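Here's a quick briefing to read with the model open beside you. Take a look around first, then come back for the notes.

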Amino acid sequence: MTNVIRKEITVEGNKFHLEIYPYLEGTDSKKFTFEIFPYDYNAALYAFSNKDSLNKLIKEKYLTEKKMTGLQF
C-alpha cells in the first residue's frame with residue numbers, strides 16, 4: 001500500500017482535492033504521481049478547460065522536490 005498525501009487547494013476560486021502518491025510502484029523517485037478531484041461542477045469545468053495550465057501549476061507549486069521533502073508520510 002502506498003502512502004498518499006492529501007491536500008485541499010484552491011485555484012482561481014475553484015476548490016480541488018489533490019492526492020499525491022510519492023511512492024507509487026514503477027515511478028521515478030524524482031517524479032510524483034498525482035490526481036486532482038474537483039469539488040463541484042464549476043471546478044470540473046475549469047479543470048477540463050485548463051488542464052495543461054492546472055497540471056503545470058500543480059507540478060510547480062506542490063510537486064517540487066523541495067516542497068515534498070518537508071512533508072510527513
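Let's start with strand β2 (residues 14-21), which is mostly covered: 6 of its 8 residues are buried (buried means under 20% relative accessible area, exposed over 50%, and partly exposed in between, using a 1.4 Å probe and protein chains only). Helices (H or I, at least four residues) and strands (E, at least two) are DSSP runs, numbered from the N terminus. Keep in mind that this is a predicted model, where local features need pLDDT of at least 70 and side-chain atom pairs count only at pLDDT 80 or more, while totals for chains, interfaces and linings use all residues. Residues are numbered from 1 along each chain as its sequence is written, and side-chain values use heavy atoms, with hydrogens and water left out.

**The sheet**

- An open sheet of 3 strands runs in the order β1-β2-β3, with antiparallel pairing (two strands pair if DSSP finds at least two bridges between them).
- β1 and β3 are the edge strands, each pairing on one side only.
- On average, neighbouring strands of this sheet are turned by 25 degrees against each other, direction ignored (axes are lines fitted to C-alpha atoms, for helices over the stretch in contact, and angles run from 0 to 180 degrees between N-to-C directions).
- Strand β1 (residues 5-11) pairs with β2 over 7 bridges, and E8 has H17 in β2 as its bridge partner.
- β2 pairs with strand β3 (residues 33-38) over 6 bridges, and F16 has P38 in β3 as its bridge partner.

**The turn**

- β1 and β2 form a hairpin with 2 residues between them.
- E12, in the loop between β1 and β2, has a positive phi of about 50 degrees although it is not a glycine.
- Most residues other than glycine have a negative phi.
- Is E12 buried or exposed? It counts as exposed, because its relative accessibility is 68%.

- Helix α2 (residues 51-61) lies across β1, β2 and β3, running at about 125 degrees to β3.

**Rings and a charge**

- The structure holds 1 aromatic pair (rings of Phe, Tyr and Trp, the last by its six-membered ring, pair if their centres lie within 6.5 Å; planes under 30 degrees apart count as stacked, over 60 as edge-to-face and the rest as tilted).
- The ring centres of F16 and Y46 are 6.4 Å apart and their planes sit at 45 degrees, so the pair is tilted.
- F16 lies in strand β2 and Y46 in helix α1, so the pair ties together parts that are 30 residues apart in sequence.
- Both F16 and Y46 are buried.
- The charged end of K15 sits over the ring of Y39, 5.5 Å from its centre (that takes NZ of Lys or CZ of Arg within 6 Å of the ring centre and within 35 degrees of the ring normal).

**The core**

- The largest nonpolar core has 15 residues, of which I9, F16, L18, I20, L54 and I58 touch the most other members (such a core is a set of buried Ala, Val, Leu, Ile, Met, Phe, Trp, Tyr and Cys residues joined through side-chain atoms within 4.5 Å).
- β1, β2, α1 and α2 each supply at least two residues of this core.
- Not counting residues up to four places away in sequence, F16 touches several residues, including I9, I36, A43 and L54.

Definitions and conventions. Contact means heavy atoms within 4.5 Å.
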